[in-house]
Every structure is written in structure tokens, then in C-alpha cells.
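Here is a briefing on one protein chain. Please look over the sequence and the model before reading the points below.

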Amino acid sequence: MKNQSQVLVTGRMYEYGDSSDIGIAVANGGALVVNDTTSFDGSGVAVEGGGTFDLSARTGSEALELDTLVMDDDAVLCVSSKSRSTEPIIQVNNANLGNVKVKGLTSERPLIKHGDTIWHYKSGKLVTDEEEAESTEQAMDEEPVVEEVIPEPEPIEEEQADEPEQVEPEPEQVDEEPPAMEPEQEQVDEPEATVESEPEQVEPEPEPEPEPEPEPEPEPELEPEPEPEPEEEEPDMITPSITITLGEDEPAIGAATPITIVATDNVAITNITCTVAGKKKRAQMSTGKGTPIATSTYTFTPEEAGDYTVIATATDKAGNSIEASEVITVAEDKDTEAINFNAGLE
């Protein structure tokens with residue numbers, strides 16, 4: 001694999017508890033992008049070492065069903081805020097989740113359901129119902145207790161009885177006779193001569209002439225605004241990621257060996273090719289072309305012993321391509337051990 005930071009790390013199939021084998025492991029900064037058409041057929045996903053599980057292209061109402069989901073403290077979960085569902089978007093049978101970072105959301109909502117346990121998004125991380133209840137109880141215990149203070153009643157002052165007012169007796173008034181008044185002589189006023197004055201003539205003031213109304217100024221002509229030029233879209237410079245999974249690293253001569261190629265891109269995968277020992281193979285099944293994640297399955301039947309190089313290429317919509325390779329070793333004589341699934345049941 002040429003660019004490890006853009007290639008999914010696979011082939012590390014391991015079991016977690018009693019679950020099925022984990023089908024895809026993401027690490028070393030890689031990203032696994034899924035959409036509404038992606039399904040894992042009961043397998044699991046492990047995200048570690050700074051890997052990203054990207055569900056931002058998944059906006060439907062159905063939950064993504066996984067057998068096992070393992071995410072460590074460095075893992076990142078991307079979710080779209082345009083999802084039409086208010087229920088958890090991932091349903092798992094087995095879960096081992098660390099301090100996972102969540103991107104793409106701004107409000108609290110359920111994300112992952114495991115049995116009766118539901119992980120919610122809150123403050124940029126995953127929180128279960130039990131952890132949220134404990135934090136609420138701690139906050140209530142830390143609140144200070146305010147004691148109610150009852151004010152004391154104010155003393156009531158006794159009103160003093162008003163003393164009766166003392167009324168002083170008024171002095172007696174003695175009527176005195178007024179002195180005798182001499183009769184006054186009547187005075188006769190002589191009539192004054194009246195002079196009639198002629199009324200003054202007031203000339204009327206001339207009315208002012210009305211001022212002429214000003215002519216309205218012509219409105220300036222407005223030039224039409226130029227139409228904005230359409231913005232040019234930035235070219236897609238991100239190279240796709242590709243994964244090669246072999247059904248068996250060392251098959252026997254004449255045994256059909258399945259080859260699965262998974263390619264992911266931030267926009268869309270348009271083409272996947274596969275060559276074995278310089279010969280181009282024809283895919284038996286292809287799904288997801290034209291979407292961010294595409295899968296093609298091939299079959300190779302070796303006719304003789306030796307090393308066969310598998311080269312896979314993936315191309316996105318912008319023409320960016322990536323190439324990865326794996327080696328199939330075919331032994332001359334390979335014994336096939338029969339596995340007895342009934343051993344120990346008798």
C-alpha cells in the first residue's frame with residue numbers, strides 16, 4: 001500500500017467477546033465513509049489510532065446495524081445534522097467505546113444503542129444515560145442550601161391618651177357709643193367740556209405677491225448593477241482510499257480465491273480495476289459506483305504454484321486515482337485440514 005494515511009488497514013480480523021469477526025478496521029488517520037445504501041451484513045467495525053468513522057453522508061431514518069463497534073479514545077465519529085431520524089443512528093450487539101470525539105452536531109441527540117444503553121451527543125462527546133444522571137445528582141448536591149430567615153415582629157407602641165385641651169374664657173365685650181358725626185356738605189361737580197376727535201384713517205398694507213414655486217429637479221438615472229459572476233467551484237484534490245481483501249493469502253492450486261476491493265472518496269468513486277499477474281480481471285459483482293463508497297468482487301483460480309501480484313486501482317469523479325497491491329502465494333502441495341465442528345459436543 002503506497003499511502004498508508006489514506007488506505008484502510010485491513011486483514012487484522014479479531015474477535016471482541018462472543019461477536020463475529022470485525023470486517024473493517026480503520027487506523028493511522030484513515031477514514032471509513034458510509035451512506036444510506038451501505039450495510040455490513042452483521043460484521044463489525046473497529047476505529048483506532050486517529051481513525052474516522054464518517055456517517056455524514058447518511059441522512060435516512062433507518063439505523064446502521066453492526067454486530068460489533070470498537071472505538072478508542074483517539075477515534076472520531078462524524079454525523080450529519082440533516083438526519084431525518086430522532087432515534088439512534090447506530091444499532092450494535094457489542095460495543096466498546098472510549099472517549100470518542102463527535103463532529104457535525106450542535107444539539108443533543110441519541111447516537112448509539114446497545115441493548116438498554118443509549119449513548120447521547122452532549123458537549124462534543126458521547127454520554128450514556130447513567131453518566132448524565134450522575135452528573136445531574138452531583139450538581140444538585142453541590143448547590144448551597146439557603147436558610148429561610150423569618151423577620152422578628154416590630155414592637156407596637158402604646159398610644160397615649162390625649163389630654164383634654166384647656167379653653168380660656170373670652171373677655172366680655174362692652175359696646176361703646178360712637179361719637180356724633182357732623183353732616184357733610186354736598187359737592188356739585190361742574191360738567192366738563194367734551195371734545196370729539198376724528199378717527200384716524202389707516203391705509204391698508206399691500207398684500208405680498210406669491211413667490212413662484214421652484215421647478216422640480218430631474219431625478220438622476222440609475223445605472224443597472226452588474227450581475228455577479230458565478231463562483232468557480234474549487235477542484236477536488238483529495239485522492240480516494242482503497243482496500244484489498246484476499247479470501248486466502250496462500251490458496252491451493254485450482255482453488256478459487258475471492259478478491260474484494262473497497263474504495264472510498266469524499267465525493268464519488270467512478271471506476272475500480274483489478275489485475276492479477278498482469279492480466280485484467282472482470283468483476284463478478286460491483287456496488288456503490290457513483291457514490292462515496294464502492295465495492296467490487298473478483299475471483300482468481302491459480303493453475304500453478306508461485307507468487308501472483310494483485311494490483312487494484314480506484315478513480316474518483318475528478319480523475320484522482322490511487323493504486324494498491326497485494327501478493328498471493330500459491331504452494332505446490334498444500335494440505336487442507338478438515339475442521340470438525342461437532343467435536344466436543346458428544
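What does the accessible surface of the protein chain come to, and what share of it belongs to carbon and sulfur atoms? The accessible surface is about 27400 Å², and 46% of it belongs to carbon and sulfur atoms. Accessible areas come from the Shrake-Rupley method with a 1.4 Å probe; for residues, only the protein chains shown count as cover.

This is a predicted model: local features need pLDDT of at least 70, side-chain atom pairs count only at pLDDT 80 or more, and totals for chains, interfaces and linings use all residues. Residues are numbered from 1 along each chain as its sequence is written, and side-chain values use heavy atoms, with hydrogens and water left out.

**Overall make-up**

- The protein chain has one helix and 19 strands. Helices (H or I, at least four residues) and strands (E, at least two) are DSSP runs, numbered from the N terminus.
- Of the 346 residues in the protein chain, 29% are buried. Buried means under 20% relative accessible area, exposed means over 50%, and partly exposed is in between (1.4 Å probe, protein chains only).
- Take the contacts in the protein chain between residues at least 6 apart in sequence: 54% of them join residues at least 24 apart. Contact means heavy atoms within 4.5 Å.

**Cavity**

- The count comes to one cavity of 30 Å³ or more. On a 1 Å grid over the protein atoms alone, a cavity is a set of points where a 1.4 Å probe fits but cannot get out; lining residues have an atom within 4 Å of a point.
- The volume of the largest cavity is about 60 Å³. Grid points are joined across faces, edges and corners, and a volume is the space filled by probe spheres set on the points.
- The lining of the largest cavity includes Leu-55, Arg-58, Thr-59, Glu-62, Ser-83, Pro-88 and Ile-89.
- By class, that lining has four nonpolar, five polar and two charged residues. Ala, Val, Leu, Ile, Met, Phe, Trp, Tyr, Cys and Pro count as nonpolar, Asp, Glu, Lys and Arg as charged, and the others, Gly among them, as polar.

**Cysteines**

- The whole structure has zero disulfides. A disulfide is a pair of cysteine sulfur atoms within 2.5 Å.
- Cys-78 counts as buried because its relative accessibility is 16%.
- Cys-274 counts as buried because its relative accessibility is 0%.

- Thr-52 is in strand E4 (residues 52–57). Its relative accessible area is 18%, so Thr-52 is buried.
- Leaving aside neighbours within four places in sequence, the contacts of Thr-52 include Val-26, Leu-32, Val-47, Val-76 and Cys-78.
- Ala-75 sits in the loop between strand E5 (64–71) and strand E6 (76–79). Ala-75 is buried, at 0% relative accessibility.
- Not counting residues up to four places away in sequence, Ala-75 touches Val-47, Gly-51, Val-100 and Lys-101. Val-47 is 28 residues from Ala-75 along the chain, and their C-alpha atoms are separated by 5.9 Å.
- Ser-80 lies in the loop between E6 and strand E7 (90–97). With a relative accessible area of 10%, Ser-80 is buried.
- Beyond neighbours within four places in sequence, Ser-80 is in contact with Leu-55, Ser-56, Arg-58, Thr-59 and Leu-105.

**Ala-277 and Lys-280**

- Ala-277 is not a glycine, although it has a positive phi of about 55 degrees. Ala-277 is in the loop between strand E14 (269–276) and strand E15 (279–280).
- Lys-280 belongs to strand E15. At 65% relative accessibility, Lys-280 is exposed.
- Neighbours within four places in sequence aside, Lys-280 is in contact with Thr-273, Cys-274 and Thr-275.

- Asn-320 is in the loop between strand E18 (306–316) and strand E19 (321–330). Asn-320 is buried, with a relative accessible area of 17%.
- Among the contacts of Asn-320, leaving aside neighbours within four places in sequence, are Asp-236, Met-237, Ile-238 and Ala-314.
- Ile-328 lies in strand E19. Ile-328 is buried, at 0% relative accessibility.
- Ile-328 and Pro-251 are 77 residues apart in sequence, yet 7.7 Å apart in space, C-alpha to C-alpha. With neighbours within four places in sequence left aside, Ile-328 has contacts that include Pro-251, Leu-246, Phe-300 and Tyr-308.

Technical notes: 1 Å grid on protein atoms, 1.4 Å probe; cavity = no way out; pocket = protein on both sides within 12 Å on 5 of 7 lines; lining within 4 Å.
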